[in-house]
Amino acid sequence: MALKFRLGPRAALPEGTLAEFVVEGVTWPVLAGVIDGEIIATAGVCPHEDVRLAGGYLEDGCLTCPGHGYTFDLRTGACAHDPSLVLRRYRVSEVAGEIWVELV
Ligand code: FES
C-alpha cells in the first residue's frame, strides 16, 4: 500500500528551488519544488551520508549536497561523483488541484 503525502496546491510549491517538507511519521524530510516546469520531489537527505539536502546548491537541475559536495541530477537522481549513489525521487500526482507525493 502506497504512503502518500499531500504537499498542497501547486501554487504553494516554490519555483526554481526546492523547499523542505516534514512528513509526520517519517524520519526524513521531503524536498519538493518546480524545476524547469516539472514538479520534483526527492528524499531530503543525501544518499551518501544522510546529510540534510535543504540549503544545497541548485543549478541547471542539479543539486549539490552541502555535506561533501556530491551533485545529483534532479531529473534522474543520478550522482555525478559516485554512480552507485542515487537520490531517491518520488512519484508526484495532482488530484483536484492538490499535489501528492508517493513515498513508497
Ligand atoms: S553527505 Fe552528501 S555528499 Fe556526502
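**View 1. The β8–β9 hairpin in a predicted model.** Two residues lie between β8 and β9, and the two strands form a hairpin. Ala96 sits in the turn. Its phi is positive, at about 50°. Strand β8 covers residues 91–95 and pairs with β9 in the antiparallel sense. Five bridges link β8 and β9. Within this pairing, Glu94 stands opposite Ile99 of β9.

**View 2. The two faces of strand β9.** Strand β9 covers residues 98–102, and its side chains alternate. Ile99 and Val101 point to one face and are buried.

**View 3. Strand β1 beside β9.** Strand β1 spans residues 4–9. Its pairing with β9 is antiparallel and runs over five bridges. Phe5 stands opposite Val101 in β9.

**View 4. The open sheet β5-β6-β7.** Strands of a sheet pair through backbone hydrogen bonds, either parallel or antiparallel. Here three strands form an open sheet in the order β5-β6-β7, with antiparallel pairing. The edge strands are β5 (57–59) and β7 (71–73). Each of these edge strands pairs on one side only. From one strand to the next, the twist averages 20°.

**View 5. Strands β6 and β7 up close.** Strand β6 is made of residues 62–64 and runs antiparallel to β7. Three bridges join β6 to β7. Leu63 has Phe72 of β7 as its bridge partner.

Notes: Residues are numbered from 1 along each chain as its sequence is written. This is a predicted model: local features need pLDDT of at least 70, side-chain atom pairs count only at pLDDT 80 or more; totals for chains, interfaces and linings use all residues. A residue is buried if 20 or more other C-beta atoms lie within 10 Å of its own, exposed if 12 or fewer, and partly exposed in between; C-beta atoms are placed from the backbone. Helices (H or I, at least four residues) and strands (E, at least two) are DSSP runs, numbered from the N terminus. Two strands pair if DSSP finds at least two bridges between them. Axes are lines fitted to C-alpha atoms, for helices over the stretch in contact, and angles run from 0 to 180 degrees between N-to-C directions.
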